[in-house]
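Could you walk me through this structure in my viewer, one selection at a time? I'd like to know what to click on next and what I will find there.

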Amino acid sequence: MKKLILILLPLLFIMACSSSDDELKPSTEKPKPEKKYKNIILMIGDGMGLTQITGARTVNGGNLHMLNCKSIGIQSTHCADKYVTDSGASATAMSSGKKTNYYYVGVDPDGNPMETIIETLVKDGLATGLVTTSTIVHATPAAFYAHQIDRFKYEDIAIELVASGIDFFAGGGQNYFDQRSDGINLIDSLLARGYQVLNSPDEVTEIKKTALFISPGSPARISEGRGPVLQKSTQKAIENLSKSDKGFFLMVEGAQIDWAGEENDPDYLMDEMLDFDAAVGVALEFAEMDGSTLVIITGDHETAGFALTNGNLANQTITGKFVTWLHTGAMVPVFAKGPGEEYFMGVYENTEIYFKMMKYFGY
Ligand code: ZN
Ligand code: MG
């Protein structure tokens, strides 16, 4: 036994020295850290402030998917020329990092085009996507690819979408592509660029560039039978974009939370909040499994000054009132989950969302 130890000890000594020798060798190039930050899913509830969330939590029996996030921040939403923003200027702040004027998308207050996060990522070969329950040319998605001083130039914005290189988009508004005043058929342009053009998320079976038009004009409300198209489109977008080796960016919008507020309709508002939160659930489930995906959930501004004047937790009911048909200037919460979630804690301007996301991607 002693003999064996005497033979083994020097051997162990040599092994130990040789391995530490390797570690001490000076490295000739800077070590490249393994990139663990890969994907972002940015989820925007249009018009979603804290009372919209509180109401939805109540009618849903006490919880929401978004409330499972531990890193929470608050963002200020005012735009360059007004205290109360529109959706174009607030989405531009998040897509491009600069406050701009009311009704502007993807341009600065002087009207100069700004490179959006999607345009930067497309150039660098990452996969990108947009999913919404409005038309795909509406202000919120448009701020990620279009450059207009008038957000209502939907036909011009559609031309910009076709040229954008975005890999997957889903929303309403096919009319702006195939029933245009200039007679141009942009569906043909999409097909020529290699897109599959579909009308239902159930038709998305191939991993390739996808234009998914869920309605000719504005998509229906949940109460009018829209169905789980937001969740299904989010799922299909993730399946497609997650095939990218370089990572992906996906923006998902619950657009009609805002429209319900503008109609001062609490039932419509709660339907759209729960529909959006179900899509948040799809994103969080993927992120949990994937491990390299950050999910950010926020609003672009509060809509209608929604107030909860009464409610009942046991019966899951609320009494809601609105002070206006317009947006308000209230700050809105930001929830984050996944690698880099700590970037989103604190109180900051909406423009910081852009810089935090760019930092996450290594810019
Ligand atoms: Zn909005
Ligand atoms: Mg919107």
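Start by selecting Ala-142, a residue of helix H5. This is a predicted model, so please read each stop on the tour that way. Is Ala-142 buried or exposed? Its relative accessible area is 0%, so Ala-142 is buried.

**Zoom out for a moment**

Show the protein chain as a cartoon. You will find twelve helices and 14 strands. Along the principal axes, the C-alpha atoms fill a box of roughly 90 × 55 × 40 Å. If you colour by accessibility, 53% of the 363 residues come out as buried.

**The magnesium ion**

Thr-140 and Glu-253 bring together distant parts of the chain: Thr-140 belongs to helix H5 (residues 139–142) and Glu-253 to strand S7 (residues 248–254), 113 residues apart. Thr-140 has a relative accessible area of 0% and is therefore buried. Glu-253 is also at 0%, so this residue counts as buried too.

**The zinc ion**

Asp-46 coordinates both metals, and the zinc ion (ligand 1) and the magnesium ion (ligand 2) are 4.6 Å apart. Next, show the side chains around the zinc ion (ligand 1).

**The largest pocket**

Leave Ser-87 on display, as it is one of the residues lining the largest pocket. To see the rest of the lining, select Val-84, Asp-86, Tyr-102, Tyr-103, His-138, Arg-151, Asp-258, Trp-259, Glu-262, Leu-326 and His-327. The space in this pocket comes to about 180 Å³. Which helix gives the most to the lining? Helix H10 (residues 256–262) does, with three residues. Colour the lining by class and you will count five nonpolar, three polar and four charged residues.

**Aromatic rings**

Tyr-102 and Tyr-103 lead on to the next stop. Together with Phe-152, Tyr-154 and Tyr-176 they form one aromatic cluster.

The structure holds 14 aromatic pairs. One of them joins Tyr-354 and Phe-355, edge-to-face, with 5.0 Å from centre to centre and 80 degrees between the planes. Tyr-354, at 11% relative accessibility, is buried, whereas Phe-355, at 43%, counts as partly exposed. Another edge-to-face pair is made by Tyr-360 and Phe-361, with centres 5.4 Å apart and planes at 90 degrees. Tyr-360 is buried, with a relative accessible area of 1%, and Phe-361 is buried at 5%.

**Last stop: helix H12**

Finally, select helix H12 (residues 351–360). This helix is mostly covered, with seven of its ten residues buried. Those seven are Thr-351, Ile-353, Tyr-354, Lys-356, Met-357, Met-358 and Tyr-360. Lys-356 lies over the face of Tyr-348, 4.4 Å from the ring centre. The charged end of Lys-359 sits over the ring of Tyr-343, at 4.3 Å from its centre. End the tour at Gly-362, which follows H12 and has a positive phi, near 95 degrees.

Methods:
Residues are numbered from 1 along each chain as its sequence is written. Chains are lettered from A and ligands numbered from 1 in the order in which they are written. This is a predicted model: local features need pLDDT of at least 70, side-chain atom pairs count only at pLDDT 80 or more; totals for chains, interfaces and linings use all residues. Side-chain values use heavy atoms; hydrogens and water are left out. Rings of Phe, Tyr and Trp (its six-membered ring) pair if their centres lie within 6.5 Å; planes under 30 degrees apart count as stacked, over 60 as edge-to-face and the rest as tilted. Buried means under 20% relative accessible area, exposed over 50%, partly exposed in between (1.4 Å probe, protein chains only). A charge sits over a ring if NZ of Lys or CZ of Arg is within 6 Å of the ring centre and within 35 degrees of the ring normal. Helices (H or I, at least four residues) and strands (E, at least two) are DSSP runs, numbered from the N terminus. On a 1 Å grid over the protein atoms alone, a cavity is a set of points where a 1.4 Å probe fits but cannot get out, and a pocket is an open set with protein on both sides within 12 Å along at least five of seven lines; lining residues have an atom within 4 Å of a point. Grid points are joined across faces, edges and corners, and a volume is the space filled by probe spheres set on the points. Ala, Val, Leu, Ile, Met, Phe, Trp, Tyr, Cys and Pro count as nonpolar, Asp, Glu, Lys and Arg as charged, and the others, Gly among them, as polar. Donors are N, O and S atoms within 2.8 Å of the metal (3.2 Å for Na, K and Ca); water is not among the atoms, so sites may look incomplete.
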